[in-house]
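Hi,

Here is the structure I promised to send over.

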Amino acid sequence: MRVLSLFDGISCARVALERAGIEVQTYYASEIDKHAIAVSKKNYPDIVQLGSVVGLTPPEDINLLIGGSPCQDLSIAKKDRKGLDGDRSGLFWEYVRIKDECKPTYFILENVASMPKKDRDIITTTLGVQPVLFNASLVSAQSRKRLFWTNLKFELPEDRGILLKDILQPDAEVDERMVVDGKAFCLTASYQGAIESNSVKRRQRTMVKVGHIGNSDAQANRVYDPFGKSCTLSALGGGLGAKTGLYQTTDRIRKLTPIECERLQCLPDNYTEGIAKTHRYKCLGNAFNVDVVSHILSVLHNE
């Protein structure tokens, strides 16, 4: 299979193809982030890097076009979002141009589920297929809702019931810089999640909040139970729980390590090793969940 991956990031699509047992003849990647490219080259030296998606002339005979166009102007996390007219999310139109030019046999486009209905409808009309909502919580310990537009027909998998506690590293392996001062921890017992946290079904499918740090209940200060799912990894989040969220493990409150974030994205341990920790978190926050994409691609065996 000849694959063109746009907005390739750290080449999670390549990992997903490998995991799905699909042979790759040539994997072309369009990416501009030097740290993401470094991770891709470390793991897959044979990837052909093509640079920016803007003005890109696609290679011939592409069997699969895949990509997660930037979500910054679509996500509910961004104030005054400009949608598909924004500088970043407007790159969706480059995906469309390249798709029209290379006419791939199969295509997959991923983006956030929290986008406005207007933009969702534009993408749907343009690509000619209805999106499928796929929460990575079905195949991992992370709650990560994403929409997939594709001409591959797939069914959602059964919930594997993986909890955050299942992917945590032992305390002895965790850098103390991940730990937040536990003395500042205060429970918010009136919060619904705390009341229902004994529900096994709830823990398997959702995040379970147990409290927050300090005086603010802002997202960056919220503390979650490892017997639930993690919150969605973020490339740009700030505050105490920047990019990973905060979790109560044993008697400590801490962020997640890069290895734990790799596991939340269903990547091999140390896949992003070799770049600074800050860049590892950012790259992982921007990434596909590998097992989500692998599940979608697995239907190619039936084609």
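Arg97 and Glu101 sit four residues apart in helix α3 (residues 92–102), so about one helical turn separates them. They form a salt bridge, with the closest N and O atoms 3.0 Å apart. Both ends are partly exposed: Arg97 has a relative accessible area of 23%, and Glu101 has one of 45%. Bear in mind while you read that this is a predicted model.

By the rule used here, the count comes to 15 salt bridges.

- Glu260 and Arg254 are bridged, the closest N and O atoms being 2.8 Å apart. Glu260 counts as buried at 0% relative accessibility, and Arg254 is buried too, with a relative accessible area of 0%.
- Asp175 and Arg177 form a salt bridge with the closest N and O atoms 2.7 Å apart. Here Asp175 is partly exposed, at a relative accessible area of 29%, while Arg177 counts as exposed at 67%.

There is also a network of salt bridges that links Arg19, Arg160 and Asp291.

Now the sheet. It is an open one of seven strands with mixed pairing, in the order β3-β2-β1-β4-β5-β7-β6. The edge strands are β3 (48–49) and β6 (132–135); each has a single partner strand, so one side of each has no neighbour in the sheet. Strands β4 (residues 64–68) and β5 (residues 106–112) pair in the parallel sense over five bridges, and Gly68 stands opposite Glu110 in β5. Helix α4 (residues 117–127) lies across β5 and β7 (145–150), running at about 25° to β7.

On to the inside. Which residues touch the most other members of the largest nonpolar core? They are Ile10 and Leu297, out of 55 residues in that core. The elements giving two or more residues to this core are α1 (12–19), β2 (26–30), α2 (34–43), β4, β5, α7 (258–264), α8 (277–285) and α9 (290–297). Another core, of 23 residues, lies apart from it, and includes Leu4, Tyr28, Leu56 and Val96. If you zoom in on Ile10 and leave aside its neighbours within four places in sequence, the residues in contact with Ile10 include Ala36, Val39, Leu267, Tyr271 and Cys283.

Ser11 has a positive phi of about 65° although it is not a glycine. Ser11 is placed in the loop between β1 (2–6) and α1. Asp61 has a positive phi too, of about 55°, and is not a glycine either; you'll find Asp61 in the loop between β3 and β4. Buried or exposed, where do Ser11 and Asp61 fall? Ser11 counts as buried at 0% relative accessibility, whereas Asp61 counts as exposed at 59%.

Last, the cysteines. Cys231 counts as buried at 8% relative accessibility. Cys102 is buried as well, with a relative accessible area of 11%.

Cheers

Notes
Residues numbered from 1 in each chain as written. Predicted model: local features only at pLDDT ≥ 70, side-chain atom pairs only at ≥ 80, totals over all residues. Heavy atoms only, no water. Pairing = 2+ DSSP bridges. Contact = heavy atoms within 4.5 Å. Axes fitted to C-alpha atoms, helices over the stretch in contact; angles between N-to-C directions. Core = buried A, V, L, I, M, F, W, Y, C linked by side-chain atoms within 4.5 Å. Buried < 20%, exposed > 50% of the residue type's maximum accessible area, 1.4 Å probe, protein only. Salt bridge = Lys/Arg side-chain N within 4 Å of Asp/Glu carboxyl O.
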